[in-house]
Amino acid sequence: MKTRDDRAVLGISVRFAALAIVVVFLLACGGQPEAVAPPVPEVTVATPTVQDVTVFAEFVGSTEAYQSVEIRARVQGYLDTMAFEPSSFVRKGQLLFVIEPEPYEAQRDRASANLKAAEAGLRRAESDLERLEQAVRTNAVSQQEVTRARAERDQASAAMLEAQAALTNAEIQLQYTTLESPIDGLVTRNYVDLGNLVGAGESTLLTTVRDIDPIYAYFEVSERFVARILEEREGYRDPDEGSAIPATLILDETGLEIEGEIDSLENTVDTGTGTIRIRGVFPNGDAKIFPGFFVRVRLPGELYEDALLVEETALGTDLGGRYLMIVGDDDIVERRY
């Protein structure tokens with residue numbers, strides 16, 4: 001009786017024998033595989049388009065905030081209040097920090113009291129002077145006493161002015177304990193935690209606010225490019241004359257493109273690099289661009305009138321360079337570099 005392994009070996013032997021018979025049959029017949037002709041390639045012919053073409057130039061630059069303000073402590077004291085959320089948008093005049101106001105309120109009250117005392121002293125000195133000036137007409141007092149009273153009146157007036165200045169200074173110092181945002185913009189985090197002493201010997205940096213709508217992009221351009229632009233535009237004109245140069249900001253990481261314009265260029269060329277620094281301004285209402293981004297700025301360059309345009313797929317390249325296949329008379333095709 002045959003086992004399962006014996007039956008498996010027998011099956012493999014039968015298949016090899018059948019394959020050998022087929023090979024011998026094909027060799028005996030001398031059969032060769034038929035060659036299949038390749039399909040005829042499809043050729044597309046297109047007519048070039050004629051139109052004016054502007055060649056654009058691109059430059060690498062970086063973005064900066066439209067406005068940037070450092071919020072610093074201008075008086076000494078302990079940081080008492082933080083009234084904003086870190087990394088949030090704030091409005092002009094919005095409260096940001098409060099430095100303990102109590103010592104400065106006391107200084108203001110003391111200065112106010114001194115001013116009232118000085119005003120009272122001035123009124124008394126003026127009254128004494130008026131009384132002595134009437135008495136000197138009847139020779140009841142000497143002219144020397146009148147002169148002394150007039151000097152006391154002047155001293156009292158100066159003391160009142162000094163007290164007024166001290167009160168004004170105390171009120172200013174008290175105002176400095178409340179720090180508000182001077183602009184609309186994006187505030188960063190707080191650099192100092194509550195309860196810390198600030199303004200001791202230096203104007204402690206507490207946070208920064210940056211207005212990023214619109215946003216600036218700074219980049220360097222060769223003097224040759226600037227000279228050509230100025231020649232085409234018949235010299236430089238102020239942007240408010242409607243001659244602003246259009247520009248496109250491009251962020252490679254996302255493919256974002258924002259249309260803007262050039263609003264500033266330096267008034268001299270850097271002789272070391274042969275470049276001039278240019279600034280573009282771009283709308284950024286959705287805050288997709290932050291200061292410090294590396295970007296590309298596209299500017300319009302030379303204008304080619306009646307340029308011939310063809311599909312990019314029609315261009316070929318070999319050792320001779322780039323070429324087109326031109327269909328001429330009698331449908332004869334020639335290569336044109």
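These are my notebook entries on what I looked up in this structure, which is a predicted model.

**Entry 1: the largest pocket**

I started with empty space. Rolling a probe the size of a water molecule over the atoms shows where such space is left. For the largest pocket here, I noted a volume of about 540 Å³. Which residues lie nearest its centre? I found T44, V45, A46, A314 and M325 there, out of 17 residues that line the pocket. Next I looked up the elements that give two or more residues to this lining, and they are strand 12 (294-309) and strand 14 (321-327). Strand 14 gives the most, with 4 residues. I also sorted the lining by class, and I wrote down 13 nonpolar, 3 polar and 1 charged residues.

**Entry 2: two helices side by side**

Then I turned to helix 2 (residues 102-135) and helix 3 (residues 143-175). Their axes come within 8 Å and cross at roughly 165 degrees. Are they roughly parallel or antiparallel to each other? Angles over 145 degrees count as roughly antiparallel, so I could call helix 2 and helix 3 roughly antiparallel. I checked the handedness too: helix 2 passes helix 3 in a left-handed crossing. By class, the contact of helix 2 with helix 3 has 18 nonpolar, 7 polar and 10 charged residues.

**Entry 3: salt bridges**

How many salt bridges does a search of the whole structure find? I got 15. I picked one of them to follow up, where the side chains of R91 and D184 meet at 3.4 Å, N to O.

**Entry 4: two spots in the backbone**

Last, I went looking for backbone exceptions. Most residues other than glycine have a negative phi, and most peptide bonds are trans. Where is there a cis peptide bond? I found one from D213 to P214, with omega near 0 degrees. I traced P214 to strand 8 (residues 205-222). My other find was A287, which has a positive phi of about 55 degrees although it is not a glycine.

Notes: Residues numbered from 1 in each chain as written. Predicted model: local features only at pLDDT ≥ 70, side-chain atom pairs only at ≥ 80, totals over all residues. Heavy atoms only, no water. 1 Å grid on protein atoms, 1.4 Å probe; cavity = no way out; pocket = protein on both sides within 12 Å on 5 of 7 lines; lining within 4 Å. Points joined across faces, edges and corners; volume = space filled by probe spheres on them. Nonpolar A, V, L, I, M, F, W, Y, C, P; charged D, E, K, R; others polar. Axes fitted to C-alpha atoms, helices over the stretch in contact; angles between N-to-C directions. Parallel < 35°, antiparallel > 145°, perpendicular 65-115°, else oblique. Left-handed = near helix turned anticlockwise from the far one by under 90°. Salt bridge = Lys/Arg side-chain N within 4 Å of Asp/Glu carboxyl O.
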